[in-house]
Amino acid sequence: MRRFFLITLIVCASPVASAADAQLTFELPKIDVSEYHRPYVAIWVEREDRSVAANLAVWYQDKDGKDAKSGKAEPGTKWLSDLRQWWRRSGRDQTLPIDGVSGATRPAGQYQLAFSSAKAPFAGLAAGSYKLVVEVAREVGGHELVSVPFAWPPTTPQHLAAKGESEIGDVKFDLNP
Amino acid sequence: MKKPSQWAVLALAAMLPLAASAHKAFIVPSTTVLSDGDDAWVTFDASVSNDLFYFNHHALDLDHLVVTGPDGKPVAAENKNTGKWRSTFDVHLTQPGTYRVAIENSGVFASYVDAKGEKKRWRGGVDKLGDIPADAKDVEISESQSSVNTYVTLGKPSGGALKPSGHGLEFAPVTSPNDLYAGEAAKFRFLLDGKPVKDLKVTVIPGGTRYRDKQDETIATTDANGEFSVTWPAPGLYWLSASLDKQKPTTPKAKERRLGYVATLEVLPQ
């Protein structure tokens with residue numbers, strides 16, 4: 001047992017293992033309504049002054065939709081401003097799609113996003129206090145925002161959690177030095 | 001005396017947004033913050049009503065509708081229609097930034113006694129003052145300038161459409177009028193002929209007056225720099241208004257100038 005600890009200690013102290021990582025697990029709950037549309041989701045890292053340090057994910061209808069009645073094409077970007085905090089803090093400064101960040105909407109379920117200090121956007125994240133923010137807006141449905149405060153880089157393993165009430169389920173943010 | 005035309009009445013209502021009557025002129029946008037870069041449209045309702053923001057008194061005349069694009073150039077409104085209680089029109093937002101949508105009215109009011117001894121009232125443009133008979137007596141002329149405004153933004157807010165012209169009572173926002181959120185303070189500025197207006201009372205009333213007993217108005221006062229701030233208590237549409245009277249007219253024939261500014265502002269939830 002003692003020997004095992006020793007090995008662990010050595011591994012942690014070695015420069016190879018010094019890359020911190022962050023894993024986000026969050027749930028888009030199944031919502032039982034007659035008209036369900038996959039929600040728009042934005043996930044970002046917010047500085048203490050509420051400016052955006054990094055966009056982690058933006059899920060939206062990235063192809064033109066079709067109006068059921070007129071058959072006219074309607075761009076999915078039309079509803080991006082429904083992610084009103086993200087739109088205000090970052091979206092309106094962006095050109096969609098955002099490479100490596102934006103993608104199509106997804107069905108209800110649990111999702112995992114993994115990040116490492118060795119790669120963007122966490123590679124460029126200055127040491128400090130942040131909030132991980134998850135914002136969800138669903139067409140003809142609700143809107144919710146959940147945030148998890150964290151310090152970067154982590155000095156000890158952190159298992160942070162938050163929970164939404166309607167459009168967002170459990171949010172877990174695990175950080176490892 | 002000739003009965004004033006319906007349009008004259010409407011124009012008068014638009015010119016006097018804060019006149020003694022309780023009527024409030026407004027333009028309500030269908031949305032104020034847009035993200036649709038390809039084919040963004042906003043539709044507007046323009047009305048003079050007792051209640052905010054319902055249509056129950058007059059349609060607002062669109063003859064003096066001015067839409068200014070983010071580049072400061074005029075944008076044509078489409079699908080204009082004037083109904084019984086409101087006018088409607090659409091604006092196609094073809095470039096990103098903030099748009100100012102306004103109905104601007106200016107003119108002079110005159111009262112005089114004509115050669116037959118009859119008391120007359122007249123209104124028109126400053127350039128038409130010559131229409132008042134040369135033999136008129138007891139001529140009293142006052143000038144009026146007013147605007148009914150709202151703002152919409154495609155993408156990132158910008159300032160090109162908000163640049164003051166240096167004429168009349170103008171709203172010079174410090175905070176973008178399309179970047180307003182409940183619980184936050186917004187700072188704005190008023191200018192008269194390009195100069196800060198001190199001690200101007202600015203009234204702010206939340207919409208939805210039909211469903212409550214009180215107006216719930218708040219009154220802010222501008223400082224020496226013409227600035228004032230408003231902390232929005234809740235999300236929703238707000239009607240902001242300010243007026244000035246007894247100001248120096250632009251035409252020496254007028255005794256005074258009255259000015260009014262109103263705007264419909266949308267405050268979003270956090």
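Q: What is a salt bridge, and how many does the search find over all chains?
A: A salt bridge is a side-chain nitrogen of Lys or Arg within 4 Å of a carboxyl oxygen of Asp or Glu. By that rule, the whole structure holds 13 of them over all chains. This is a predicted model: local features need pLDDT of at least 70, side-chain atom pairs count only at pLDDT 80 or more, and totals for chains, interfaces and linings use all residues. Residues are numbered from 1 along each chain as its sequence is written, chains are lettered from A and ligands numbered from 1 in the order in which they are written, and side-chain values use heavy atoms, with hydrogens and water left out.

Q: Which parts of chain A does the pair A:R138 and A:E167 link?
A: Helices (H or I, at least four residues) and strands (E, at least two) are DSSP runs, numbered from the N terminus. The A:R138 and A:E167 side chains form a salt bridge at 2.9 Å, N to O. A:R138 sits in the loop between β8 (128-137) and β9 (143-152) of chain A, and A:E167 in the loop between β10 (158-163) and β11 (170-176), 29 residues apart.

Q: Are A:R138 and A:E167 buried or exposed?
A: Buried means under 20% relative accessible area, exposed over 50%, partly exposed in between (1.4 Å probe, protein chains only). Both A:R138 and A:E167 are buried.

Q: What does the pair B:R257 and B:D193 tie together?
A: Their side chains meet in a salt bridge at 2.5 Å, N to O. B:R257 lies in strand β19 (residues 256-267) of chain B, and B:D193 in the loop between β13 (185-192) and β14 (195-196), so the bridge ties together parts 64 residues apart in sequence. B:R257 counts as buried, at 3% relative accessibility. B:D193 is partly exposed, at 31%.

Q: What is the overall make-up of chain A?
A: Chain A has 2 helices and 11 strands. Along the sequence the pattern runs α-β-β-β-β-β-α-β-β-β-β-β-β. Of its 177 residues, 41% count as buried.

Q: How many residues of chain A are in contact with chain B, and what area is buried between them?
A: The size of an interface is often given as the accessible area lost when the parts come together. Buried area is the accessible area (1.4 Å probe) that two parts lose on being put together, summed over both. Contact means heavy atoms within 4.5 Å. On that basis, 14 residues of chain A are in contact with 15 residues of chain B. The buried area is about 1200 Å², of which carbon and sulfur atoms give 43%. In chain A, A:R84, A:R88 and A:R92 lose the most area to chain B, together 46% of what that side buries.

Q: How many salt bridges cross the interface of chain A and chain B?
A: The rule finds 4. B:K156 and A:D93 meet in a salt bridge at 3.1 Å, N to O.
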